[in-house]
Structure formats: C-alpha cells, structure tokens
Amino acid sequence: NSNLVRRGECSVGCELTDKMRDECLTPTPCGPSCEAEWPNCVNFFKEKGRDDGCKICAGMLDDENSNLVRRGECSVGCELTDKMRDECLTPTPCGPSCEAEWPNCVNFFKEKGRDDGCKICAGMLDDENSNLVRR
C-alpha cells in the first residue's frame with residue numbers, strides 16, 4: 001500500500017505536474033531509434049487486447065534486457081519524448097494536494113539513502129491503495 005497516494009489524495013495513475021517533475025532529476029530523453037520502436041511495443045500489447053501497453057513499455061525502458069531497449073537501442077531509463085507520449089492517452093494531471101505531498105514522498109526516500117524516490121513515488125500513483133491516492 002502506498003502512503004503517497006493516500007496522504008496526497010492523488011488520483012490513481014495521475015500524471016506528474018511540472019512542479020513534481022522539478023523535484024526529480026530529469027533523465028535523458030529517448031533517442032530517435034527508441035522513439036521509432038515505441039509504437040511497435042505499444043501496438044504489440046494493444047493487439048493482445050491490453051489497454052496498458054504504454055505503462056508496460058515505459059517499464060521496459062528500465063530493463064536493459066527488454067525487447068524495447070534492445071530493438072530500439074534505447075538508453076536504459078530514458079525519458080519518453082513528446083512523440084512517444086502522443087502514442088498514449090494522457091492521464092489526468094495530479095491535483096494540488098497530491099502535488100503538495102509529492103516532495104514529502106520523494107524526500108522520504110532520499111533520507112533513506114535512495115536515489116530512485118521519484119520513480120518509487122510515481123509507481124505509488126498507480127496503486128489505488130497507496131496513501132498518496134487516498135487518505
């Protein structure tokens with residue numbers, strides 16, 4: 001269960017606001033070959049009847065052995081380009097209370113010596129039982 005979603009009263013799966021992104025280091029944007037492979041990944045899951053292909057493919061960017069990273073020659077952990085995001089539906093932006101709670105979540109993990117707090121907290125936004133989504 002995610003404390004961030006409950007405490008910040010975030011909508012499950014909401015998109016980070018600019019202020020929330022500024023709290024984190026911005027990864028390197030994905031390159032042209034990765035951008036070209038992205039629709040193949042997303043469409044693969046759509047053809048399988050999945051509506052979460054964008055989420056699955058985004059997760060694949062963190063795995064150096066994934067087909068997306070290998071086929072698209074993607075830099076592990078690269079940030080989606082605007083063109084890649086356009087392949088996916090844009091979720092509702094996170095609201096003010098969620099945005100206010102965001103630094104608390106990120107700093108919690110920083111204080112624990114973790115450098116992946118933004119990634120962890122972003123994952124919490126997809127958990128309807130997390131403390132960030134609902135109080």
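Begin by selecting C54, which is buried, with a relative accessible area of 19%; buried denotes under 20% relative accessible area, exposed over 50%, and partly exposed the range in between (1.4 Å probe, protein chains only). The model is a predicted one, in which local features need pLDDT of at least 70 and side-chain atom pairs count only at pLDDT 80 or more, while totals for chains, interfaces and linings use all residues. Residues are numbered from 1 along each chain as its sequence is written, and side-chain values use heavy atoms, with hydrogens and water left out.

**Around C54**

C54 lies in helix α4; helices (H or I, at least four residues) and strands (E, at least two) are DSSP runs, numbered from the N terminus. Next, display the neighbours of C54: not counting residues up to four places away in sequence, C54 touches W38, V42, E87 and C88, contact being heavy atoms within 4.5 Å. Keep C88 selected, for C54 and C88 are 34 residues apart in sequence and 6.0 Å apart in space, C-alpha to C-alpha.

**Helix α4**

**α3 against α4**

Now show helix α3 (residues 32–47) with helix α4 (residues 53–60): their axes come within 8 Å and cross at roughly 130°. Axes are lines fitted to C-alpha atoms, for helices over the stretch in contact, and angles run from 0 to 180 degrees between N-to-C directions.

To see the contact, select W38, C41, V42 and F45 of α3 and G53, C54, I56, C57, A58 and M60 of α4. By class, this contact of α3 with α4 has nine nonpolar, one polar and no charged residues. Ala, Val, Leu, Ile, Met, Phe, Trp, Tyr, Cys and Pro count as nonpolar, Asp, Glu, Lys and Arg as charged, and the others, Gly among them, as polar.

**α7 against α8**

Finally, move to helix α7 (residues 96–111) and helix α8 (residues 117–124), whose axes come within 8 Å and cross at roughly 130°. α7 and α8 are therefore oblique to each other. Select W102, C105, V106 and F109 in α7, which meet G117, C118, I120, C121, A122 and M124 in α8. The contact of α7 with α8 comprises nine nonpolar, one polar and no charged residues.

Key. Angles under 35 degrees count as roughly parallel, over 145 as roughly antiparallel, 65 to 115 as roughly perpendicular and the rest as oblique.
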